[in-house]
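Here are my notes on the chain you sent over.

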Amino acid sequence: MLTSIDASSGKATPLAGEPIVLRSFRLSPTGRDVLLVSPDPATLGVIGKEQNDAFVLSIAGVRPTTPRKLADRGRFTWAPDGTHLLFAKGGRLMTVAVEGGPATPWRESFTLGASEPIWSPDGARFAMLVADTGVSDPEIEPVRPGMYTIAQPFMDLYVVSADGAARNVTSGFDDQISDPMWAPDGSA
């Protein structure tokens with residue numbers, strides 16, 4: 001049961017009306033909603049084939065409530081204002097309103113192959129990883145039909161401003177980039 005516990009009193013309050021098989025959750029920047037990830041009951045426990053669904057649960061009003069399932073699947077992240085969720089789909093960075101509606105491209109002109117955006121503390125820009133198409137490994141064989149690979153592309157780190165302008169900050173680096181994070185002051 002997803003539960004909120006008051007740190008000073010220790011009082012527990014259920015947030016959802018029913019128990020949830022929970023894979024992860026993230027509180028919105030406003031503190032009014034929770035993004036939940038839960039496995040699809042049809043694939044629950046199927047090793048290597050389990051599919052996860054994402055839900056938004058409002059925790060601002062009357063509790064407990066029923067989570068609202070998002071139409072798309074993916075790795076969602078909160079926009080800094082807490083009114084939208086962002087996710088990568090088909091190489092595009094997409095946005096969907098917390099209140100519902102269809103997903104739309106974050107910026108029509110923004111066409112970089114997107115990973116999960118990591119927002120700066122001030123919410124003015126984000127960092128993301130983009131596959132470096134200029135690097136290839138001749139030792140990696142092409143994947144045959146019916147097979148998969150664990151090979152990962154070499155990644156560049158981009159900083160993207162709120163208007164969609166992007167800058168590669170790792171151009172010329174030879175190292176593999178993973179798990180970017182911001183300094184607490186948002187400087188790097």
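1. Start with the aromatics: W106, W119 and F126 come together as one cluster. Keep in mind that this is a predicted model, so I'd read the ring geometry below as computed from that prediction. The count of aromatic pairs comes to three. In one of them, the ring centres of W106 and F126 are 5.4 Å apart with the planes at 70 degrees, which makes the pair edge-to-face because that angle is over 60. W106 sits in the loop between β10 (104-105) and β11 (118-119), while F126 belongs to strand β12, so this pair links parts of the chain 20 residues apart.

2. With W119 it forms another edge-to-face pair, at 4.9 Å centre to centre and 65 degrees between the planes. How well covered is F126? Its relative accessible area is 0%, so it counts as buried. W106 comes out at 12% relative accessibility and is buried because that falls under the 20% cut-off. W119 is buried too, as is F126.

3. Mean pLDDT for the protein chain is 80, and 81% of the residues reach 70 or more. Among the elements, strand β12 (residues 125-131), with a mean of 81, is the lowest, whereas β4 (residues 33-39) is the highest at 91. F126 lies in that β12 strand.

4. On the overall make-up: the chain has zero helices and 14 strands. Of its 188 residues, 31% count as buried. The accessible surface is about 11,900 Å², and carbon and sulfur atoms account for 55% of that. Looking at contacts with a separation of 6 or more, 38% are between residues 24 or more positions apart.

5. Now the sheet that includes β4. Which strands make it up, and in what order? Four of them form an open, antiparallel sheet in the order β3-β4-β5-β6. The edges are β3 (24-27) and β6 (68-69), each of which pairs on one side only.

6. Seven bridges join it to β4, and the two run antiparallel; V34 has L57 in β5 as its bridge partner. Towards β6, β5 (residues 52-58) pairs over two bridges, again in the antiparallel sense. On that side V56 is bridged to R68, and F55 stands opposite K69. Is β5 mostly covered or mostly open? Mostly covered: five of its seven residues are buried.

7. T43 is in the loop between β4 and β5, and it counts as buried because its relative accessibility is 16%. Its side chain reaches the backbone nitrogen of Q51 at 2.8 Å. Leaving out residues up to four places away in sequence, T43 touches K49, E50 and Q51.

8. A60 is in the loop between β5 and β6. Is A60 buried or exposed? At 53% relative accessibility, A60 counts as exposed. From A60 to L15 is 45 residues along the sequence, and the C-alpha atoms of the two are 9.9 Å apart in space.

Terms used: Residues are numbered from 1 along each chain as its sequence is written. Side-chain values use heavy atoms; hydrogens and water are left out. Two strands pair if DSSP finds at least two bridges between them. Helices (H or I, at least four residues) and strands (E, at least two) are DSSP runs, numbered from the N terminus. pLDDT is the predictor's confidence in each residue, from 0 to 100. Buried means under 20% relative accessible area, exposed over 50%, partly exposed in between (1.4 Å probe, protein chains only). A polar contact is a pair of N or O atoms within 3.5 Å; within protein, one must be able to donate a hydrogen and the other to accept it, and residues adjacent in sequence count only if both atoms are side-chain atoms. Contact means heavy atoms within 4.5 Å. Accessible areas come from the Shrake-Rupley method with a 1.4 Å probe; for residues, only the protein chains shown count as cover. Rings of Phe, Tyr and Trp (its six-membered ring) pair if their centres lie within 6.5 Å; planes under 30 degrees apart count as stacked, over 60 as edge-to-face and the rest as tilted.
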